[in-house]
Amino acid sequence: MRVLLRVAYDGTEYCGWQIQPGQKTIEGTLKDALIALLGETVELIGASRTDTGVHSLGNVAVFDTNTRIPAEKICYALNQRLPEDIVVQESKEVSADFHPRHCSSTKTYEYRILNRKFPIPTLRRDTYFYYRRLDVAAMQKAAAYLVGTHDFASFCSVNAQVQTTVRTVYDCQVEQKDDLITVRVTGAGFLYNMVRIIAGTLIQVGVGAMQPEDIRAIIEGCDRTLAGPTAPACGLTMIGITFDEEKY
């Protein structure tokens, strides 16, 4: 049977999702735990290959197994074999042809910014500390320009290997609660470092180095040098992925 896992993790201590020789990764840790549990070799197919230091509340992966353990019980047994910074939130059986990267899906990410004079130690692992005061209203105005289907080449790392840099952003919101600013982006898919570059660009708008209206020209320019810097990985969390229900 094919089993879907919905996985939450603190990515601070990991070199991203994807297995890399000699490196500690989310996929590698999950795979080792699965082999120990099931007693068979498994191959994981992840929905999103999050980068070093990036977190998740609901990344998705699937694997095939001959186990007699009910799919919905695998998460309980697997969590007993995982470190405390990786927790499987759900496991369930899906159709044999379900592939998390080949079917229609919607992904949501949040980038968290602690905007105050001094950092708060308990937020250091999942929040980017930025001491200069940010104009949230300007950031909100800028974010609106990102919604829609555009060529996001300006918001993609130059070494990315993709067939097209056109992507669709369904929603981009900037919210503030006390000293915490959250950039929430929802889309059909994202380019390499796209959300972190969006966050870095919105921060530039927030400090007045760019104007909200500049976002339109940045998109149209299709040039990475026009956008802001790539914000640090620590502030980024994948909130979750939803799939077309007909694909299950």
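**Terms and values**

Colleague: Why is Cys222 called partly exposed?

Modeller: Its relative accessibility is 37%, and the scheme calls a residue buried under 20% relative accessible area, exposed over 50% and partly exposed in between (1.4 Å probe, protein chains only). Cys222 therefore falls in the middle class. This is a predicted model, in which local features need pLDDT of at least 70, side-chain atom pairs count only at pLDDT 80 or more, and totals for chains, interfaces and linings use all residues. Residues are numbered from 1 along each chain as its sequence is written, and side-chain values use heavy atoms, with hydrogens and water left out.

Colleague: What makes H1 and H2 roughly perpendicular?

Modeller: The axes of H1 (residues 26-38) and H2 (residues 71-79) come within 10 Å and cross at roughly 105°. Axes are lines fitted to C-alpha atoms, for helices over the stretch in contact, with angles from 0 to 180 degrees between N-to-C directions. Angles under 35 degrees count as roughly parallel, over 145 as roughly antiparallel, 65 to 115 as roughly perpendicular and the rest as oblique, so the two helices are roughly perpendicular to each other.

Colleague: Which residues of H1 and H2 meet?

Modeller: Leu30, Ala33, Leu34 and Leu37 in H1 meet Ile74, Ala77 and Leu78 in H2, contact being heavy atoms within 4.5 Å. By class, this contact has 7 nonpolar, no polar and no charged residues.

Colleague: How do you know that Glu110 and Arg184 form a salt bridge?

Modeller: Their side chains meet at 2.3 Å, N to O. The rule asks for a side-chain nitrogen of Lys or Arg within 4 Å of a carboxyl oxygen of Asp or Glu, so the pair qualifies. Glu110 lies in strand E5 and Arg184 in strand E9 (residues 180-187), 74 residues apart. Glu110, at 17%, is buried, whereas Arg184, at 34%, counts as partly exposed.

Colleague: How many salt bridges does this rule give?

Modeller: The count comes to 10. Among them is the pair Glu90 and Arg6, at 3.1 Å, N to O. This pair links strand E4 (residues 86-94) with strand E1 (residues 2-9), 84 residues apart. Arg6 has a relative accessible area of 18% and is therefore buried.

Colleague: What makes Arg125 and Glu13 a tie between separate parts of the chain?

Modeller: Their side chains meet in a salt bridge of 3.6 Å, N to O. Arg125 lies in the loop between E5 (105-115) and E6 (128-130) and Glu13 in the loop between E1 and H1, so the pair joins parts that are 112 residues apart in sequence. Arg125, at 31%, counts as partly exposed, as does Glu13, at 44%.

Definitions and conventions
Helix = DSSP H or I, 4+ residues; strand = E, 2+ residues; numbered from the N terminus. Nonpolar A, V, L, I, M, F, W, Y, C, P; charged D, E, K, R; others polar.
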